[in-house]
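Thanks for making the time this morning.

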Amino acid sequence: MEFTVSFFSFELDPALAADPVFDLHRQGKMTMSATVPLTSRDDLSLAYTPGVARVCEAIAEDESLYPDYTWTSNTVAVVTDGSAVLGLGNIGPKAAMPVMEGKSVLFKQFGGVDSIPICLDTQDVEGIIAAVKAMAPSFGGINLEDISAPRCFEIERRLDAELDIPVFHDDQHGTAVVTLAALRNAATLLGRPLAGLRVVISGAGAAGIAITKTLIAAGVQGANVIVCDSRGIIHADRGDLTAIKAELAATTNISGRTGGVTEALIGADVLVGVSGGSIDEEALAGMAPGAIIFALANPTPEVPPATAHKYAAIVATGRSDFPNQINNVLAFPGIFRGALDVRATTITDAMKVAAADAIASIVADDLRPEAIVPSPLDPRVAPAVAAAVAAAAIRDGVARRSSAPAPAVSRQLA
């Protein structure tokens, strides 16, 4: 019997072949490399059999040795189901992989954290939770990414409760941390106390809800916060609220204001847009003088920066081609670096606030309206965030180490 194997070649569209973006992504953006030599019989006997068996037996006897003698002390899983990728929507796990690879590259470049992109072929809440729990022993932390609301809230809550390693949904908390850092510096620059700001959050998805909770945890008065979704202002008398939004209604908008974003913005000091929609210029005219506008939708901000500047003293976006980019890369590498260094079991609100304070402090001595957050490329950011997060974890009693392992940190952040 004869077998014939045939091969076919795939010709990339000439326009794509000439595109530097596609050229950069060819065969992916990351690989794996060994940290030990494998050039002799002795090397093999130490790295693999028979030497490896001694380490396995030691861990079987005492599981606390596990992070000391495996990669888990410095490795995070970047997990998605492809349901809310960037501004592209539900494009599925395979189309999401370039983004997850990119996230892993950012983890390594800015925090010295190793990570593995994992794109799950299920969008079922129970299926995602089961898959992550099953693979959790291979990692020191879980970074949930681009999972649509409201499922992302339940997935993160359950995994955080059921695993003894940090679980962090970056679309929620990374955005919230950097927004808090930017708002803290903007308020300082304008001479306004954070607690007195009247804040409108346009968008009640993952980012909007997390920003609301983080700002309140940092001292903004819940009574002074109004959150809007696609149907208008969230208030306690609305009969169409999900459980998450009902929780928001109980802690915000205490005056019971109703209407849409135009009504919400009357007298507001701050607008934070995370809706992906657009806000009419007429609505901005009702804001207080010298306002702060963070229009964070990508790639098209809710308010064009040129328009925002007519009504605001300080403007920020999510884009790199405008000043004051609210970029999650300022937060998540350092947050996981700090959490891993002290082997935190979770990431608390105090750790998030500490991360925001550390980000804000980087540019505290040189605040300008066009520079309220550091550049994502600033090498000072991740070490500062890591140190602040580690210290907060120790204070909160969620650290299994009393200090970060100095040699590892100096090597990873060099």
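Directly after helix H14 comes Arg343, whose phi is positive, near 50°. Before I go on, please keep in mind that this is a predicted model, in which local features need pLDDT of at least 70 and side-chain atom pairs count only at pLDDT 80 or more, while totals for chains, interfaces and linings use all residues. Residues are numbered from 1 along each chain as its sequence is written, and side-chain values use heavy atoms, with hydrogens and water left out.

How many residues of helix H14 are buried? The helix spans residues 332–341 and is mostly covered, with 10 of its 10 residues buried, where buried means under 20% relative accessible area, exposed over 50% and partly exposed in between (1.4 Å probe, protein chains only). Helices (H or I, at least four residues) and strands (E, at least two) are DSSP runs, numbered from the N terminus.

Turning to the sheet, we have an open arrangement of 6 strands in the order E7-E6-E5-E8-E9-E10, with mixed pairing, where two strands pair if DSSP finds at least two bridges between them. The edge strands are E7 (232–233) and E10 (312–317), each of which pairs on one side only. Helix H8 (residues 170–190) packs on this sheet and touches E8, E9 and E10, and its direction makes about 160° with that of E9; contact here means heavy atoms within 4.5 Å, and the axes are lines fitted to C-alpha atoms, for helices over the stretch in contact, with angles running from 0 to 180 degrees between N-to-C directions.

Within the sheet, E8 (residues 270–273) runs parallel to E5 (residues 199–202), joined by 4 bridges, and Ser202 stands opposite Gly273. E8 also pairs in the parallel sense with E9 (residues 291–295) over 4 bridges, with Leu271 opposite Ile293. In a regular strand the side chains alternate between the two faces of the sheet. In E8, Val270 and Val272 point one way and Leu271 and Gly273 the other, and all are buried.

Finally, is Val36 buried, exposed or partly exposed? Val36 lies in the loop between helix H2 (20–25) and helix H3 (41–47), and it is partly exposed, because its relative accessible area is 46%.
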